[in-house]
Amino acid sequence: MHTLTHRLVWPFLLLGLSLGLTAQAPAIDFVEYELDNGLKVLLHQDNTTPIVAVSIMYEVGGKDSFEGRTGFAHFFEHLLFEGSENLGRGEIDDYVQAAGGALNANTSLDRTYYYEILPSNQLALGLWIESERLLHARVLMEGVETQREVVKEERRQNYDNRPYGTISMELYKRAFKEHPYKDPNIGYMEDLNNAEMEDFQRFYKTYYVPNNAILSIAGDIDIEETKALIEKYFADIPRGPEPPRIDVVEAPLGGEVRDTVYDNVPLPALIMGYRTVARSHPDYYAISMMNQVLSQGQSSRLNKSLVDDKQLAVQVGSFPASSQDPGLAIAFAIARPGTTDLQAVEEAFNAEITRLQNEPITDRELQKLRNQVEVDAIAGYGSVAGIAESLADNEMFLGDANLINTETQRYLDVTKEDIRRVAREYYTNDNRVVLYWLPQPSSR
């Protein structure tokens with residue numbers, strides 16, 4: 001409950017990075033408006049099942065920490081389940097579960113997201129809970145101390161004591177010197193230990209204001225009735241000062257960064273991070289499709305070369321960052337048991353990048369990519385919760401919630417030459433961090 005984000009096999013995916021294309025369902029109608037206090041509202045009506053997703057997204061993530069106070073956004077994700085002036089400790093969970101619903105939250109480097117999935121006749125309950133979280137959260141020492149220990153234990157379990165768990169930290173701290181992406185989303189232990197009450201209250205007052213949030217609701221609703229409920233629960237919440245924004249522009253990496261990391265892992269791994277573009281950059285689509293060619297499915301280039309043909313690896317993958325500011329595209333190869341020569345693995349990977357840089361992908365590969373985009377678009381979003389989150393994401397980071405309906409075309413417009421161009425521009429040796437991730441030497 002209240003996880004950092006989705007629990008995936010590889011811990012570095014906890015950053016909220018995207019494994020593939022962001023599919024969208026066609027013809028998703030929605031209503032968009034803004035309250036006087038700056039709260040943006042997105043409403044999607046789907047009366048096919050008696051379920052509603054109530055969600056709120058705040059533009060604050062791991063990168064938005066005060067100096068020396070990393071990990072605050074994720075900490076608040078936990079803390080704001082502690083209750084409010086009108087909700088006692090544990091009552092948020094109790095109310096939702098008693099209503100037959102479910103709830104959770106997640107934090108990325110760029111935003112924090114809370115949601116409840118409820119029977120549609122419990123819409124008001126979800127709105128009340130989120131209005132309480134926004135206006136009346138209890139930032140008290142008792143809750144702070146409880147959640148401080150919870151977050152520290154989460155860090156130990158999911159990062160420090162987990163095989164390959166610190167990959168994201170090791171990559172990002174080498175890839176960025178100035179931008180706060182250099183710091184882990186979950187924060188440093190010493191910051192969690194040293195944070196004081198006034199730090200937490202300052203953070204809450206700075207970022208948990210209606211003009212820094214998007215309320216996104218999807219499901220079995222009546223638009224006008226929902227508007228009236230939103231007016232009741234949110235209209236009187238005062239607008240806050242505009243939160244500060246990160247304006248750091250990281251200098252080019254300026255040369256390949258190489259290092260060796262020893263960890264409690266069963267198999268060596270090659271880990272690479274390439275500095276790439278923000279999610280809003282036009283090149284994101286070509287980079288995303290290039291990574292599909294490299295690693296999506298059994299017939300992908302990395303899988304055929306490193307796993308099947310050369311039998312150097314048991315698992316490979318590559319995916320671009322989906323981040324508000326320029327981030328990293330990550331590639332990895334977990335070596336086959338008995339493989340001790342990661343240089344051979346790296347050479348095989350480099351050969352596939354060189355192919356992409358020198359030769360256009362095949363007609364068959366391009367058609368396969370386009371087919372997959374169209375399949376994703378036809379399938380659409382599988383849940384009202386997915387629709388609510390996508391509307392908010394598109395509005396917050398791309399400035400256009402309607403991309404839920406139109407973004408497929410941006411992928412379909414990518415050409416072979418676009419893919420070759422981004423491979424040449426971003427996948428260069430002087431633009432990457434290379435880590436040889438090795439098992440701890442046995443001590444005798």
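Which residue forms a salt bridge with Glu116, and how far apart are the closest N and O atoms?

Analyst: Arg133 is the partner of Glu116, with the closest N and O atoms 3.3 Å apart. A salt bridge here is a side-chain nitrogen of Lys or Arg within 4 Å of a carboxyl oxygen of Asp or Glu. The model is predicted: local features need pLDDT of at least 70, side-chain atom pairs count only at pLDDT 80 or more, and totals for chains, interfaces and linings use all residues. Residues are numbered from 1 along each chain as its sequence is written, and side-chain values use heavy atoms, with hydrogens and water left out.

Glu116 sits in strand 5 (residues 112-119) and Arg133 in helix 3 (residues 123-135), so their bridge ties together parts 17 residues apart in sequence. Helices (H or I, at least four residues) and strands (E, at least two) are DSSP runs, numbered from the N terminus. Glu116 and Arg133 are both buried. Buried means under 20% relative accessible area, exposed over 50%, and partly exposed in between (1.4 Å probe, protein chains only).

Leu127 is among the residues with the most contacts inside the largest nonpolar core, which has 54 residues. Such a core is a set of buried Ala, Val, Leu, Ile, Met, Phe, Trp, Tyr and Cys residues joined through side-chain atoms within 4.5 Å. Not counting residues up to four places away in sequence, Leu127 touches Val54, Leu215, Ile217, Leu229, Ile230, Tyr233 and Phe234. Contact means heavy atoms within 4.5 Å. A second, separate core of 42 residues includes Leu312, Ala335, Tyr411 and Tyr436.

The whole structure has 28 salt bridges. One of them joins Arg174 to Glu170, with the closest N and O atoms 2.6 Å apart. These two are 4 residues apart in helix 5 (residues 167-175), so about one helical turn separates them. Both Arg174 and Glu170 are buried.

Another bridge pairs Arg301 with Glu365, at 2.8 Å between the closest N and O atoms. Arg301 is buried, with a relative accessible area of 7%. Elsewhere, salt bridges that share partners join Glu170, Lys173, Arg174 and Asp259 into one network.
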